[in-house]
Amino acid sequence: MGGLGKTTLAQIVFNQSRHQYDCHCFFRNVREEFQKHGTNLKEEFFRQLSNEKDLRYGHLDSLKERLRHKKLLIVLDAVDDLEEYNCLLEDSDSWLNSESKLIITSRNHQVLRNIIGNEERMIYNLKGLKEKEALELFCLHAFKRRSPEESEKELSLKFVKYAQGLPLALKVLGSLLFSKNKDVWESLLNNIKVDPDQKVTSKLKISFDGLDSKQQSIFLDIACFFRGRKKYYVKEILDDCGDFDIAIEVLIDRCLVTVSDKGTLEMHDLLREMGRSIARGSNHNKCLENYSRLWMGEDICRFLTSNKASSTIEGIFHADRDDGDVINLDPSIFKNLPSLRLLKLSSIYSRNRFRLPFHGLRDKFPDELRYLEWYEYPLKSLGSNFTPQNLVYFSMERSKLKKLWKENQDVSNLKHVILSESKKLTCLPNLSQANLHTLRLNGCTRLVNLPPLRFHNIFDDPDKESEVMYQYNSLMVQEREYTLDSCKGIMKEGISYLMRELSTSLLDLNGCSNFTTLSEISGNIKFICLRETAIKKCHPSILYLKNLLVLDLHMCKYLRELPNDMCELESLEYLDMHGCVSFDKFPRLPKSIKGLNLNGTSIQQVDSSSFDSLPSLIIFHMQACKKLKRLPDTFCKLKSLWVFQLEGCSQLKSFPEILEPMEKLKGLYLKGTGIKEMPSSIENLDLIEAIRTSFCYPGDTIAKWFDYQSMGSLLVLNFPFLLDDYNVLGFALCIVVQFEATTLKREDVFKCDYNLKTKTGQNFQLSSTLQCYKATHFDDDSNLDLSSNQEENESD
């Protein structure tokens, strides 16, 4: 039964115990999430459990191997079917060890039996509250104290009896009656006496009836469409009159809605069930046109193909995982939906596709639309009479659109425009009067330029601003650690995943391969992604974006320069110029820069003054800068640097002197450089955890200072210590190899896999790649007959 407090009890146990475990995860609403995402839910589950934000499905086996050695606490909330459990934990015997704990909440007793077998004692059956406990809970909400006054006790007990020990009903009824006089209490009690045995949802409806029309509308929208979405996001969609915050506060006070720690709007399953029952109206099994909202795929398809009129339907959200049918719609579909405010037809998770006749719509989209999402919209236009004056959220990914609406339209409410992978889109209307939060055009390969763009003001929503910055900073902390551990992360793999996570204050033009001209931009924009575009320079207006945090220019091969005054962007923290092969001068950057990726650029040298002005730089990549010949001794001025990547800089012959201690540098990667000897001042790198370097050059002997030497592929080492007991920096390895081939090329790469095994059974599997940067004989007049590798790695 719902409403007994299963989730609440599990959350309390989780909060009290999680500090005792290596990894922990409270995975909410499994039933609902599985309906949305199917087996793809597994990836999100392991992402939360491991706290690895950039986890890929193909990497789950290696992750499970790591989890096998950890103590885990897992709560699966609201599991309704064995298929949901199997999706997440079918092979848990191989990675969930005996020290770990699994808690499952479910309304279905049989599901739990199927999971645990005959261990009935492992199932805890939650019961309703006894009268004393129920009265205390009711009073906490009705009077804000634990017990009633003597004059209040009789009426209070009658409501407690009516709630039948159900915690949810007690909270909702108590909140409804808070601060009300005795007459209101008695009137409400007389109403419920008419049907004392009604269902729980009917008991809860009493609180809904006490709301005004706006509050009721917002409650129903959340119940049908927006449970689990960010509060600020829902506010943007529904706040048409500026009274959303007041309405939400009332709903929270009535215990009809809660706001989670993550800022999402939540409600109990029974309350959502009640809301959806109200949205169906009377006689809902027969007359879909009497619904106020449609959310079930089957009902939506049945209504849209019936060509019936409805003046009551305000929202249609189709997002079910379905059978992949093609639904043919009548061109007059919108003629009879005058009240429609919210429309979502298909999504990336839905397999159904909605089709229209080739000649298009006969009647225009409803003027009242605030939310319009149609995945793979099939027509090249929205119709000549399309009016976006109320539109807040507009999404048509993978559409056939060539253009949007006519120029000079009112777009002052428009905040989110998402047209990703719309391959035929050639232009956008003027958006300089919009209030943009998001503009996603990634993959629009025919797009050449943009009109002037206006992004929202920083003070539009302080709560949202705070939420976005919290999320951004959390991701950055995780990425700093991940970059050091795996030599990957933002500055190596790019920041596209960050753009997906932070879906606001964003301009995304990733993969617009014909895009050449960036337009004037104004307002509060934090993330700009121009990767793999054809731009040659940035518009000067970029210098006035005082809140810009991330600029992604990854693989902009034609980009030759940045504005001279880039140092004025005092908020810029991450700049990715990986693969900008036409860029040959080290950029002038603001002191705020924390991450810099210049991999594959044509930079030849770095001026000494450049490093003087980068006190905040943490992650610095200059891999494969083939023309880089020197670095200044001011390198030691990078006092905040954690990771420095120079792999593949084959023309770099020497490493700069470390004239001052660099107390934060932990990772230095020099494979494939021309460096043969490190300066003695390397000792100023006090906290270095990883120096990775390799050399490949002609020779036929191993230096004498390698104490352990052997012929063949096996070498026995007798260390007088255990690796775990000593602070071992790493190993130096030298390998001499003779090849039968007489011809090698400079770009040839050799891979070396080696396994270190201790007497106690510990295994350390390592891998290196060697490239023929140095050789005696190549295709021109020589061949390489020998290679050696020196590599130092972290012992763990």
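## Terms and basis of the model

Buried residues are those under 20% relative accessible area, exposed ones are over 50%, and partly exposed ones fall in between, as found with a 1.4 Å probe on protein chains only. Contact, the sense in which one element covers another here, means heavy atoms within 4.5 Å, while helices (H or I, at least four residues) and strands (E, at least two) are DSSP runs numbered from the N terminus.

The model is a predicted one, in which local features need pLDDT of at least 70 and side-chain atom pairs count only at pLDDT 80 or more, whereas totals for chains, interfaces and linings use all residues. Residues are numbered from 1 along each chain as its sequence is written, and side-chain values use heavy atoms, with hydrogens and water left out.

## Helices α3 and α5

Helix α3 (41–50) is largely enclosed by the rest of the structure, because 7 of its 10 residues are buried. These buried residues are Leu41, Lys42, Phe45, Phe46, Arg47, Leu49 and Ser50, and what covers them includes β1, α2, α4 (60–67), β2 and α5. The residue that follows α3 is Asn51, which has a positive phi near 65°.

In helix α5 (residues 82–89), the buried residues are Glu84, Tyr85, Cys87, Leu88 and Leu89. They lie on the same side of α5, because they cover an arc of only 160° around the axis, the arc being that of the directions from the helix axis to the C-beta atoms. An α-helix has 3.6 residues a turn, so residues three or four places apart point the same way. The cover over the buried residues of α5 includes β1 (23–27), α2, α3, β2 (72–76), β3 (101–104) and α6 (109–116). At the start of α5, the backbone nitrogen of Glu83 has a side-chain oxygen of Asp81 within 2.8 Å.

## Glu32 in helix α2

Helix α2 (residues 30–37) contains Glu32, which counts as buried because its relative accessibility is 10%. Apart from neighbours within four places in sequence, Glu32 is in contact with Arg227 and Arg272. The side chains of Glu32 and Arg272 are joined by a polar contact of 3.2 Å; such a contact is a pair of N or O atoms within 3.5 Å, where within protein one must be able to donate a hydrogen and the other to accept it, and residues adjacent in sequence count only if both atoms are side-chain atoms.

## Two helix pairs

Two packed helices are described by the angle between their axes and the distance between the axes. Here axes are lines fitted to C-alpha atoms, for helices over the stretch in contact, and angles run from 0 to 180 degrees between N-to-C directions. A crossing is left-handed if the near helix is turned anticlockwise from the far one by less than a right angle, and right-handed if clockwise.

Helices α7 (residues 131–142) and α9 (residues 167–177) pack with their axes 7 Å apart, at an angle of about 35°, and their crossing is right-handed. Residues making this contact include Leu137 and Phe138 of α7 and Leu170 and Leu173 of α9. In the other pair, the axes of α8 (residues 150–163) and α10 (residues 182–192) cross at roughly 35° and come within 11 Å, with a left-handed crossing. Among the residues that meet there are Phe159 and Tyr162 in α8 and Trp185 and Leu189 in α10.

Leu176 belongs to helix α9 and is buried, with a relative accessible area of 9%. Not counting residues up to four places away in sequence, Leu176 touches Leu188, Ile206, Ser207 and Arg254. The C-alpha atoms of Leu176 and Val250 are 9.9 Å apart in space, although the two residues are 74 apart in sequence.

Ser179, in the loop between α9 and α10, is exposed, with a relative accessible area of 63%, and its phi is positive, near 70°, although the residue is not glycine. Glu421, in the loop between β13 (416–418) and β14, is likewise not a glycine and has a positive phi of about 60°; at 30% relative accessibility Glu421 counts as partly exposed.

## Nonpolar cores

A nonpolar core is a set of buried Ala, Val, Leu, Ile, Met, Phe, Trp, Tyr and Cys residues joined through side-chain atoms within 4.5 Å. The largest has 107 residues, and those with the most contacts inside it are Phe365, Phe394, Leu507, Leu553 and Phe620. Elements giving two or more residues to this core include α16 (297–304) and β14 (431–436), and α16 gives the most, with 4 residues.

Among the residues that Phe394 touches, not counting those up to four places away in sequence, are Leu372, Trp405, His416 and Ile418. A second, separate core of 70 residues includes Leu211, Cys224, Ile248 and Tyr393.
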